[in-house]
Amino acid sequence: MGTIATGRAAVVIRHLDIAHLGSFDGLLRERGYEITTIDASDLGPGSVEMIDADLVVVLGGDMGAYQTDEYGYLVDELELLAKRLENEKPTLGLCLGAQLIAHALGGRASKGKSTVIGFREVNLTEAGRDSPLRHFAGVPVMQWHGDSFRLPAGATRLASSADYSNEAFRLGDYALAVQFHPELTGTMYEEWIAQGTAELEKHGIDAAELLEQRDRYAEQMERAALAMLGEWLDTL
């Protein structure tokens, strides 16, 4: 079961309505976290909720961490993340969230060389096999991104893939960042496919094949994801 975190505050930073906590919501509540979701566009430079929370989870989105001109609120989010991480406060980044963590600490997120959509295996490093990501050994994970990042100073790479050298990293025991979507449930996946028709057509990706992947891999990924999250929470 792990340690119960009674009364702890978890702040979730959302960038897109359909990109929410998914399967992670129930586990955090079971662990006693009181969850507050804040839209990134509502953050300000003095957002004490994000600075002081016991846990911050930064979710995915359809923008790039580097698109601060188009999405001005990312400036405040990046500054808040940098301050929080400098104080070594527990922070979890998922896809865009991982890119934002890297970018906030000088890792420079940027447009990637390819767009990856669908279930893919990631290759764990030695450090990854000795981390909560070990639960993903041999387990395909859901990818939906076309951006990348450099590892920030002090980060340890945990996973890579055929398309991207940086798929996951950690900072000490206080920050974990993955460029895939372990939180995604089968229902969320279906919704993303329905709303992402134009992007799928642009990249020549068959929606029916993605749904078949969901049927093959989603349940296995969700088990691994909850095991990963639970193990990481135990270290905080």
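Reply: Buried means under 20% relative accessible area, exposed over 50%, and partly exposed in between, with a 1.4 Å probe and protein chains only. Helices (H or I, at least four residues) and strands (E, at least two) are DSSP runs numbered from the N terminus. The model is predicted: local features need pLDDT of at least 70 and side-chain atom pairs 80 or more, while totals for chains, interfaces and linings use all residues. Residues are numbered from 1 along each chain as its sequence is written, and side-chain values use heavy atoms, without hydrogens and water.

Me: Which residues of H3 are buried?
Reply: Leu-74, Asp-76, Glu-77, Leu-78, Leu-80, Leu-81, Ala-82, Arg-84 and Leu-85.

Me: How far does H3 reach from its first C-alpha to its last?
Reply: Helix H3 (residues 73-86) has 14 residues and reaches 20 Å, close to the expected 20 Å; the expected span is 1.5 Å times one less than the number of residues. Glu-88, which follows H3, has a positive phi near 55°.

Me: Changing topic: how many aromatic pairs does the structure hold?
Reply: It holds six. Rings of Phe, Tyr and Trp (its six-membered ring) pair if their centres lie within 6.5 Å; planes under 30 degrees apart are stacked, over 60 edge-to-face and the rest tilted. One of the pairs is Tyr-71 with Tyr-73, edge-to-face at 6.1 Å centre to centre and 70° between the planes. Ring pairs also link Phe-119, Tyr-189 and Tyr-217 into a cluster.

Me: Why does Tyr-71 count as partly exposed?
Reply: Because its relative accessibility is 27%. Tyr-73 is also partly exposed, at 21%.

Me: And where does Ser-131 lie?
Reply: Ser-131 lies in the loop between helix H5 (126-129) and strand S7 (141-149). Ser-131 is buried, with a relative accessible area of 3%. Leaving aside neighbours within four places in sequence, Ser-131 is in contact with Leu-158 and Glu-231, contact being heavy atoms within 4.5 Å.

Me: On to the lining of the largest pocket: which element supplies the largest share?
Reply: S7, with four residues. Strand S5 (109-120), S7, helix H6 (186-195) and helix H7 (197-202) each supply at least two.

Me: How does that lining divide into nonpolar, polar and charged?
Reply: Eight residues are nonpolar, twelve polar and five charged. Here Ala, Val, Leu, Ile, Met, Phe, Trp, Tyr, Cys and Pro count as nonpolar, Asp, Glu, Lys and Arg as charged, and the others, Gly among them, as polar.
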